[in-house]
Amino acid sequence: MVKRFLKYVAQSVAGMLGISVYILADTFFISKSAGADGLTVLNLELPVYGLIYAIGSMIGIGSATRYAIKKAQGEKEIDYYFMQSLFWCVVISIPFILLGLFMPEQMLRFMGADKDIAELGKDYLRIILFGAPLFMMNFTFTAFVRNDNAPAIAMIGALFGSVFNIVFDYILMFPMGLGLTGAALATAISPMVTMLICGVHYLGKHNHVGFGWKLPSVKHLLSCCQFGVAAFVGEISSAITTIAFNTLILGIAGNTGIAAYGVIANISLVAISIFNGISQGTQPLISSAYGSGERKDTGTLLKASLVVTLAVQAMIIIGIWGCTDWLIGVFNSEGNDMLLLYAHNGMRLYFFGYLVAGVNIMLAGYFSATDRAAKAFVVSVLRGVFAIVGCAILMSKIWGLNGVWLSFPAAEAITFLVVLAMGGLFDKEGRRE
């Protein structure tokens, strides 16, 4: 079991890191192309990414988790889960496409952009919104592959998609001179690469995922989405946090403060990706053990996941404190001293949150994988919405910009205390209570 656990976690983390690497590549190339204004555009648009990713992860990961549990319980009529997941991803992406067609500039202004920033970023946002169905369906393709005992394929797909994005970021932005539009095109197309590679598994002899069709059902969608609530809130929390932080920071430090937060937020996405990778990597194993009634194995997998998570948390904090100014310098192409000052203080304070953030993400995923949607929802919503926004508003009034940065560790600490208070992880035999 240990060998299989490490294999699934390593491959899932590698895949998630691949996704986060292309986000960092976008940030780097955009900083080179458009400087601090480009970073401001990117950070103002992060909530849109967050919402699209949140919906896609809830449908895709939720459907795959329910599929895995039902399969382990011996249920036969589950061959339509995959196609229904794809169908709903396409349907729910339609409003995003319409917004991209008619209102990208208005959306940017709503999110706090001034006239110049909105003009700079409207084409980038339009393309990202057009790519919404691809971003959403990508979660379904990778989640079902992982739950069909092929996590390596999901990892390879994510890595190749990331490499494509990075290479074409450069080609489209600089040799072809498309700037931010080129970055958006590379990002929007890259999920197709991942899905094509996952398609190798679906068309191969080792595939067990059915392609049956059944009349689409909202009831079925909701029953699947409850298993994806932790993934949804994990993704949407980034969007909500970014909106709250952007609003507060604009009033305290203006566009330069937003650019500094853009650096911090994008580096933070790498850390979040690692913990999401651990959570998603263990989900098929935990769901299978839980569905089969192997409660002792379920507890063992949780303990192993927490040990790995704690080790990674420590490494992330040490790495951030040891390389703070170097990391900021990578994205501060203009040598903006104020951006460096804001980001230096912000990064060191903000990343204290990773003393417990990884554990919170892991436990939310564990609750979801073991059919405890209510607990998963409480943990995810508390850390992703109520605690972080409440702390940011309160602490910014007391300590200004430093209060904004400190709200993340404060919110994660509050969430962890609530998890401890809820209890119910293990009894004396490592079984679910």
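**Entry 1: Ile258**

I looked up Ile258 and found it buried, with a relative accessible area of 0%. Buried means under 20% relative accessible area, exposed means over 50%, and partly exposed lies in between (1.4 Å probe, protein chains only). I am working on a predicted model, where local features need pLDDT of at least 70 and side-chain atom pairs count only at pLDDT 80 or more, while totals for chains, interfaces and linings use all residues. Residues are numbered from 1 along each chain as its sequence is written, and side-chain values use heavy atoms, with hydrogens and water left out.

I placed Ile258 in helix α9. Helices are DSSP runs (H or I, at least four residues), as are strands (E, at least two), numbered from the N terminus. Not counting residues up to four places away in sequence, Ile258 touches Thr40, Asn43, Asn246, Ile249 and Leu250. Contact means heavy atoms within 4.5 Å. I also noted the pair Ile258 and Asn43: 215 residues separate them in sequence, and their C-alpha atoms are 7.1 Å apart in space.

**Entry 2: Ala230**

I found Ala230 in helix α9. Ala230 is buried, at a relative accessible area of 12%. I listed its contacts, leaving aside neighbours within four places in sequence: Ala364, Gly365, Ser368, Ala376 and Ser380. Ala230 and Val379 are 149 residues apart in sequence, with a C-alpha to C-alpha distance of 8.1 Å.

**Entry 3: the largest nonpolar core**

I counted as a nonpolar core a set of buried Ala, Val, Leu, Ile, Met, Phe, Trp, Tyr and Cys residues joined through side-chain atoms within 4.5 Å. The largest one has 136 residues, and those touching the most other members are Ile52, Tyr124, Phe245, Ile249, Met347, Phe351 and Tyr354. Which helix gives the most to this core? I found that α9 (residues 229-291) does, with 28 residues.

I then took Met347 by itself. With residues up to four places away in sequence not counted, Met347 touches Val263, Ile264, Ile267, Ile320, Thr324, Leu327 and Ile328.

**Entry 4: α2 and α4**

I checked helix α2 (residues 81-102) against helix α4 (residues 115-130): the axes come within 8 Å and cross at roughly 155 degrees. That makes α2 roughly antiparallel to α4. Axes are lines fitted to C-alpha atoms, for helices over the stretch in contact, and angles run from 0 to 180 degrees between N-to-C directions. Angles under 35 degrees count as roughly parallel, over 145 as roughly antiparallel, 65 to 115 as roughly perpendicular and the rest as oblique.

I noted the crossing of α2 and α4 as left-handed. A crossing is left-handed if the near helix is turned anticlockwise from the far one by less than a right angle, and right-handed if clockwise. On the α2 side the contact is made by Phe96, Ile97, Leu99, Gly100 and Leu101, and on the α4 side by Arg126, Leu129 and Phe130. I recorded six nonpolar residues, one polar and one charged in this contact. Ala, Val, Leu, Ile, Met, Phe, Trp, Tyr, Cys and Pro count as nonpolar, Asp, Glu, Lys and Arg as charged, and the others, Gly among them, as polar.

**Entry 5: α10 and α13**

Helix α10 (residues 295-322) packs with helix α13 (residues 357-369) at an angle of about 155 degrees, and I found their axes 9 Å apart. The two are therefore roughly antiparallel to each other. I noted their crossing as right-handed. From α10, Thr298, Leu302, Ser305, Leu306, Thr309, Leu310 and Gln313 meet Ala357, Gly358, Val359, Met362, Leu363 and Tyr366 of α13. The contact of α10 with α13 divides into eight nonpolar residues, five polar and no charged.

**Entry 6: α5 and α7**

For helix α5 (residues 132-147) and helix α7 (residues 179-202), I found axes that come within 9 Å and cross at roughly 25 degrees. That makes α5 roughly parallel to α7. The crossing of α5 and α7 is left-handed.

**Entry 7: positive phi**

Most residues other than glycine have a negative phi. I looked for exceptions and noted Asn149, with a positive phi of about 60 degrees. Asn149 is in the loop between α5 and α6 (151-173). Is Asn149 buried or partly exposed? I found it partly exposed, with a relative accessible area of 48%.

I noted Asp371 too, with a positive phi near 60 degrees. Asp371 lies in the loop between α13 and α14 (373-399). At 38% relative accessibility, I put Asp371 down as partly exposed.
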